[in-house]
Amino acid sequence: MSENQRINIIETASEKMRIAGIRSVSIDDICRELGMSKKTFYVYFETKDQLIDALLRRREELMQEDLIKKTKGKTIVELVYGFITLIKNVKDVRQVPALVYDLQKYYPQQLQAHLERLKMVNRTLAAQYLRQGIEEGFFRKDLNIDATARVIAGLHQVMLDKMSHPKSGSSIIQDSKLAIDIFFRGIVSEQGKAEFIQRMKE
């Protein structure tokens, strides 16, 4: 069994499902795209459910790797500035992507497990960045790191839920502004605020 082949199956399925949705893409479609037999496919995944779970786990790995790569060597001021700039360019989501819609409707258990794993990853990374920010003086020294990391992970979960249910409640832009307000009022130190203002002027 080849790990490269396994990843190739996952990535091919992911791309096709991202465009057409999970229900519209069959195992036959994936095998045809890859030029492989269904017998070979079943060596790697016994069911479509197993493939969906592997697909979501692969997305989690890539998201984490990408985040670590983009944040490596940067100060917390630089990271926050980049995040705020990104949020300002966010546009409201009005339509649920086909992949997310199918996950909600046909694979709720896999989706819930995926969201729980993301929550744990977000808490771990948030705690890591909070410690760095405290050392750099950007965050308040009296922060309870674990509790604050849970709050940040919760705010991120709100963003994910908003993208999955775009027509419910307040807009993602409104929620983003609220999250930024909570962040600066409750987490950032006075030194950090001054550093961020200076950064904005550059």
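Start by selecting D66, which is partly exposed at a relative accessible area of 37%. The labels work like this: buried is under 20% relative accessible area, exposed is over 50%, and partly exposed is in between, using a 1.4 Å probe and protein chains only. Before going further, keep in mind that this is a predicted model, where local features need pLDDT of at least 70 and side-chain atom pairs count only at pLDDT 80 or more, while totals for chains, interfaces and linings use all residues. Residues are numbered from 1 along each chain as its sequence is written, and side-chain values use heavy atoms, with hydrogens and water left out.

For a salt bridge, a side-chain nitrogen of Lys or Arg has to be within 4 Å of a carboxyl oxygen of Asp or Glu. Both K70 and D66 belong to helix 4 (residues 48-71), and they are four residues apart, about one turn of the helix. Helices here are DSSP runs (H or I, at least four residues), as are strands (E, at least two), and they are numbered from the N terminus. K70 is exposed, with a relative accessible area of 54%.

How many salt bridges does the structure hold? There are 15, so let's visit a couple more, given the 4 Å cut-off.

Jump to D142 and R140, whose side chains meet in a salt bridge of 3.0 Å, N to O. D142 is exposed at 56% relative accessible area, whereas R140 is partly exposed at 30%.

Next, pick K193 and E190. The closest N and O atoms of this salt bridge are 3.4 Å apart. You'll find both residues in helix 10 (residues 190-201), three residues apart, about one turn of the helix. K193 counts as partly exposed, at 26% relative accessibility, and E190 counts as exposed, at 61%. Then select D53, R57, E60 and R117 together: salt bridges that share partners join these four into one network.

Time for some rings. The whole structure has seven aromatic pairs. Rings of Phe, Tyr and Trp (its six-membered ring) pair if their centres lie within 6.5 Å; planes under 30 degrees apart count as stacked, over 60 as edge-to-face and the rest as tilted.

One of the pairs is F41 with Y42, which is edge-to-face, at 5.6 Å centre to centre with 85 degrees between the planes. F41 is buried, at 0% relative accessibility, while Y42 is partly exposed, at 35%.

Now select F139 and F183. Their ring centres are 5.7 Å apart and their planes are at 90 degrees, so this pair is edge-to-face. It links distant parts of the chain: F139 lies in the loop between helix 7 (108-136) and helix 8 (145-164), and F183 lies in helix 9 (residues 172-186), 44 residues apart. F139 is buried at 5% relative accessibility, and F183 is buried at 17%.

Last stop: charges over rings. The rule is that NZ of Lys or CZ of Arg is within 6 Å of the ring centre and within 35 degrees of the ring normal. Finish at Y106, where the charged end of R23 sits over the ring, 4.0 Å from its centre.
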